[in-house]
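Thanks for asking me to look this one over. Here are my notes, point by point, for you to read alongside the model.

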Amino acid sequence: MRQTSQISKLTSVSASLAASFFMAMSSFSSVVSAADPAPAAAPMAEAAAKPVVPGKPKVDPAVGEALYSNGDASRGVTACLTCHGPKGQSATPAWPKLAGQHAAYIAKQLKNYKDGTRANPIMMGMAATLTEQDMNNISAYLASQPASQGVAQNKDTIELGQSIYRGGIAAKGVPACAACHSPTGAGIPSQYPRMGGQWAEYNAAQLLAFREGTRKNSTQMTTIATKLSDQEMKAVADYMAGLH
Ligand code: HEC
Ligand code: HEC
């Protein structure tokens with residue numbers, strides 16, 4: 001009997017050892033596989049944390065910067081800087097700011113322009129000239145640039161915009177934008193884009209594009225935009241421009 005209890009004691013010890021080992025491993029692997037660092041982490045960490053797939057070229061922000069700033073005439077790549085501005089700080093609302101946007105989000109958009117789930121004549125042409133490696137390089141470069149700031153312009157709608165952003169619209173089943181885009185508008189890498197500082201006109205146009213179906217690369221955003229009136233879209237887009 002002593003023998004048996006010894007064994008069962010051993011078994012329970014090894015079982016608990018195995019359990020703590022397993023827990024250690026799973027928390028270890030969740031740290032390692034977290035492709036998304038906390039929003040507070042430097043954007044460069046996002047690119048740096050990407051596992052290097054053997055046989056695949058490494059993501060190189062310096063190569064991305066050169067392509068962003070100069071294009072590549074031999075391959076028909078237009079310099080992105082022409083419209084999106086130096087370091088991703090576009091000077092007019094016609095072109096979205098890209099500085100400080102999450103790398104995986106930018107790369108996804110470029111793929112979506114290429115595959116047509118985000119329809120825009122200008123950017124479909126641009127994305128068609130890029131390889132996946134180009135997209136990843138440019139995205140890593142832009143994510144590492146400091147985000148620019150903006151201001152809300154319309155004092156009459158700022159309260160409405162703020163209440164939608166922070167609390168959604170319960171009566172219509174619209175969730176709080178802050179839940180996914182973060183209370184400061186910094187977004188949550190890598191899926192949820194940064195909103196703070198973006199041109200209001202651009203964000204309002206995107207909400208419309210989701211509602212009208214020209215942008216169909218996010219079922220979450222299509223569902224939300226379908227419930228927003230034009231006035232609500234404009235109010236929340238203007239409010240988001242001033243977030244930081
Ligand atoms: C001729 C002007 C022009 C050039 C050049 C240009 N873009 Fe754009 N870009 C736009 C416009 C306009 C939009 C908004 C399109 C829309 O409504 O979907 C846009 C949107 C984008 C977006 C989506 C931003 C977001 O917040 O979702 C990304 C990413 C982007 N461009 C990257 C690039 C890259 C990379 C290049 C260079 C290879 C480039 N663009 C060159 C005009 C341009
Ligand atoms: C459940 C999560 C979620 C909520 C809540 C949410 N969004 Fe989004 N939003 C997303 C995702 C994911 C994307 C990126 C979609 C993609 O990959 O193209 C996005 C993209 C956007 C874009 C396009 C940004 C760009 O750079 O082109 C706008 C504008 C936007 N959301 C506004 C809002 C507003 C306004 C609200 C609140 C009324 C809101 N979102 C609530 C998940 C969410």
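1. Lys87 counts as partly exposed because 19 C-beta neighbours fall inside 10 Å; on this scale 20 or more other C-beta atoms within 10 Å make a residue buried, 12 or fewer make a residue exposed, and partly exposed lies in between, with C-beta atoms placed from the backbone. Lys87 sits in the loop between α4 and α5, and its phi is near 60 degrees, a positive value in a residue other than glycine. Most residues other than glycine have a negative phi, and most peptide bonds are trans.

2. A word on what you are viewing: this is a predicted model, in which local features need pLDDT of at least 70, side-chain atom pairs count only at pLDDT 80 or more, and totals for chains, interfaces and linings use all residues. Residues are numbered from 1 along each chain as its sequence is written, while chains are lettered from A and ligands numbered from 1 in the order in which they are written.

3. Next, confidence. pLDDT, the predictor's confidence in each residue from 0 to 100, has a mean of 85 over the protein chain, and 78% of the residues reach 70 or more. Over residues 1-49 the pLDDT is below 50, and this stretch has 27 contacts in the model beyond near neighbours in sequence. Contact here means that the C-beta atoms of two residues, placed from the backbone, lie within 7 Å.

4. The protein chain has 12 helices and 0 strands; these are DSSP runs numbered from the N terminus, with helices being H or I of at least four residues and strands E of at least two. Of its 244 residues, 33% count as buried. Where contacts join residues at least 6 apart in sequence, 68% of them link residues at least 24 apart.

5. The loop between α9 and α10 deserves a look too. Ser182 lies in that loop and has a positive phi of about 75 degrees although it is not a glycine. Ser182 is partly exposed, since 18 other C-beta atoms are within 10 Å. Ser190 also has its place in the loop between α9 and α10, and the peptide bond from Pro189 to Ser190 is cis, with omega near 0 degrees.

6. Now the ligands. Around ligand 1 there are 22 residues, of which Cys80, Cys83, Gln109, Asn120 and Met126 come nearest; a residue is near if its C-beta atom, placed from the backbone, lies within 6 Å of the molecule. At least two residues of this shell come from each of α4 (81-84), α5 (103-115) and α6 (121-128). Ligand 2 is surrounded by 21 residues, the closest being Pro175, Cys177, Cys180, Asn203 and Ser218. Here α9 (178-181), α10 (200-212) and α11 (219-226) give two or more residues each.

7. How do α5 and α6 meet? Their axes come within 8 Å and cross at roughly 100 degrees, with axes being lines fitted to C-alpha atoms, for helices over the stretch in contact, and angles running from 0 to 180 degrees between N-to-C directions. The two helices, α5 and α6, are therefore roughly perpendicular, a term covering 65 to 115 degrees. Leu110, Tyr113 and Lys114 in α5 meet Met123, Met124, Ala127 and Ala128 in α6.

8. Last, Tyr141 in helix α7 (residues 132-143) is buried, with 29 other C-beta atoms within 10 Å. Neighbours within four places in sequence aside, Tyr141 is in contact with Pro61, Gly64, Glu65 and Tyr68.

Technical notes:
Angles under 35 degrees count as roughly parallel, over 145 as roughly antiparallel, 65 to 115 as roughly perpendicular and the rest as oblique.
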